[in-house]
Every structure is written in structure tokens, then in C-alpha cells.
Amino acid sequence: MAAPSWPFSSGAPLLLLAFLAAFLAGASPGALGSGGPERERASAWLCDGECCAGPARKGSAVAAFCSGRGPGAALRGRCCLEGQAAMIVGLDLGNCSLQRLCSSFQEASTAIVIDLSDNPLEPLPTEAFRGFSHLETLVLPLNVDCPGGSEGWNSTSVRGNSRVCQGQRNPCDGSAGLGWLCPEGSLCAPDGPGLPQCLCVSPFHGYKCLRQGTFPYLPFFGTLGAVTATLSVLLWTTQRRKAKAS
């Protein structure tokens, strides 16, 4: 009669060690399984009709911007794409009967020009444009205020039935009023209209950048390796004894 199999083979701790090493060395889910293709698919859905079908409107702010951007830029669906990476630099979702922003809207965080005019949009949440630090021109329905308020932009104006927000201000340098204060060990960086973020500077890290120094990789992996090797030997010995007993 064969001995019952052990829940963990002798090689399992070694596999666990390899996984932990990869994870703690900085491998995130995106690094272990690159999120590039997923990001490209999401961008394609946004440009090709997930939010609004049809091409960018002729005469829109995005179409004008894209035509003057140079040979590296081209319209695709509702987007102006640039470079070999097909980065979204413009997005025209005007006259799309949108009441709220679609789920893939964040894929346009690299956009410089966005047109949302002629839509029955509800008031936008404060975080709607977080990450849109490159945005320079935003065209909105008249009933929607510029994100970040007038202090978040160099100019806000009304043109016909649209509100135009131009020239995103840096919330960190005092140009949008009182500069944002970050805790010691961090620096302020723009993260969208009127939205600052605090980024840790080396050697600070962790919650509110309160930890200093680097992660003790050598002691950690040395201890983990010794524990793993010991467990492997114990499990192998146990399996051998059970196999002999049967």
C-alpha cells in the first residue's frame, strides 16, 4: 500500500521562496504578468466606441489639436493617438448623450485635450480627473464646472454652450493658491486639476513616508532561506519514514 501523499511536497517551500523573492524584489501583478496588452485593449475600447461610437467630430477641439500635432499623431475613432505606443493625447466624447463618464475613461489619463461638450453630464466627482496631469484643455457642458475650480486653471471661459478650462495649474507651486504641504520625506507632485499627491523621496518610504532606509533584503532572504531549507529537510524525512512504515 502506497503511503498517503503529503499535502506539501518537499519542493513546495522552495517554490514559495522563489515567489516571495520575486514579489519582494518588486514584482507586482503587472510585472509578473505584464498589463501591457490589457491596457492596450482598454484604450482600444475607449477609442473605438465603448463610450461613444463613430469618429471624432470635424471641427472639434480634438480634431483641430490632432491635425496640428504633426505627422506622429493621427485620429482613430474618438481618439487622437501619437507615437509608436499609440498614446492617447486627445479624446473627443462630445455629443455622445453621456450622463456620466464611462468605465474606461481613465485610459485617457495621458490626454492633453479632452472634449466632453454637448452631453447631459451630471456633476463630475472630485476624483474623476485624478492622474490627468498632462491635461491642458478641457471642454465641458455649461452646467459642469471645471475640475479643481477656477484656481486649478489659468483660464476658464464660456463659449456658446460649452465651458472651456485651459492651462492646468500646478497645485504644488502656489500658482493655484496656497501650495500643498506634504509631510517630511516627501515632495508634492501634480496629479490632475487641483489634485496634488505626495511622493516619497529616497531613502523614505512606507505610510506617509515615515520609514527610512531600504528593505533589509539580505537578512530577510538569509533567514527565509534557512527556514525553508530546514522545512524541506523535515518534510523529506517525514515522507521517507512514512514510506518505509507502509
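**Entry 1: a ring to start with**

Is Phe132 buried or exposed? I looked this up in a predicted model. Phe132 has a relative accessible area of 0%, and since anything under 20% counts as buried, Phe132 is buried.

Next I searched for aromatic pairs and got three of them. For each one I noted two values, as a pair of aromatic rings is described by the distance of the centres and the angle of the planes.

Phe105 and Phe132 have ring centres 5.3 Å apart and planes at 20°. Planes under 30 degrees apart count as stacked, so this pair is stacked. I then checked where the two sit in the chain: Phe105 is in the loop between β3 and β4, while Phe132 is in the loop between β4 and β5. They are 27 residues apart, and their pair links distant parts of the chain.

Phe129 also pairs with Phe132, and here I found an edge-to-face arrangement, with 5.4 Å from centre to centre and 75° between the planes. Phe105, Phe129 and Phe132 form one aromatic cluster.

In what order do the seven strands of the open sheet lie? I read it off as β1-β2-β3-β4-β5-β7-β6, with mixed pairing. β1 (73-76) and β6 (153-159) stand at the edges with a single partner strand each, so one side of each has no neighbour in the sheet. Neighbouring strands are turned by 20° against each other on average, ignoring direction.

I took a closer look at β3 (residues 87-92) and β4 (residues 113-115), which run parallel and are joined by three bridges. In one of these, Asp92 has Asp115 of β4 as its partner.

**Entry 2: a hairpin**

Further along I came to β8 (residues 186-190) and β9 (residues 196-200), an antiparallel pair with five bridges. Cys188 has Cys198 in β9 as its bridge partner. The two strands form a hairpin with five residues between them, and Gly192 in the turn has a positive phi of about 125°.

**Entry 3: a pocket**

Last, I turned to the second largest pocket, whose volume is about 170 Å³. Which residues lie nearest its centre? They are Leu124, Asp145, Cys146, Pro147 and Gly148, out of 14 lining residues. I sorted the lining by type and got nine nonpolar, four polar and one charged.

Note on methods: Residues are numbered from 1 along each chain as its sequence is written. This is a predicted model: local features need pLDDT of at least 70, side-chain atom pairs count only at pLDDT 80 or more; totals for chains, interfaces and linings use all residues. Side-chain values use heavy atoms; hydrogens and water are left out. Two strands pair if DSSP finds at least two bridges between them. Helices (H or I, at least four residues) and strands (E, at least two) are DSSP runs, numbered from the N terminus. Axes are lines fitted to C-alpha atoms, for helices over the stretch in contact, and angles run from 0 to 180 degrees between N-to-C directions. On a 1 Å grid over the protein atoms alone, a cavity is a set of points where a 1.4 Å probe fits but cannot get out, and a pocket is an open set with protein on both sides within 12 Å along at least five of seven lines; lining residues have an atom within 4 Å of a point. Grid points are joined across faces, edges and corners, and a volume is the space filled by probe spheres set on the points. Ala, Val, Leu, Ile, Met, Phe, Trp, Tyr, Cys and Pro count as nonpolar, Asp, Glu, Lys and Arg as charged, and the others, Gly among them, as polar. Rings of Phe, Tyr and Trp (its six-membered ring) pair if their centres lie within 6.5 Å; planes under 30 degrees apart count as stacked, over 60 as edge-to-face and the rest as tilted. Buried means under 20% relative accessible area, exposed over 50%, partly exposed in between (1.4 Å probe, protein chains only).
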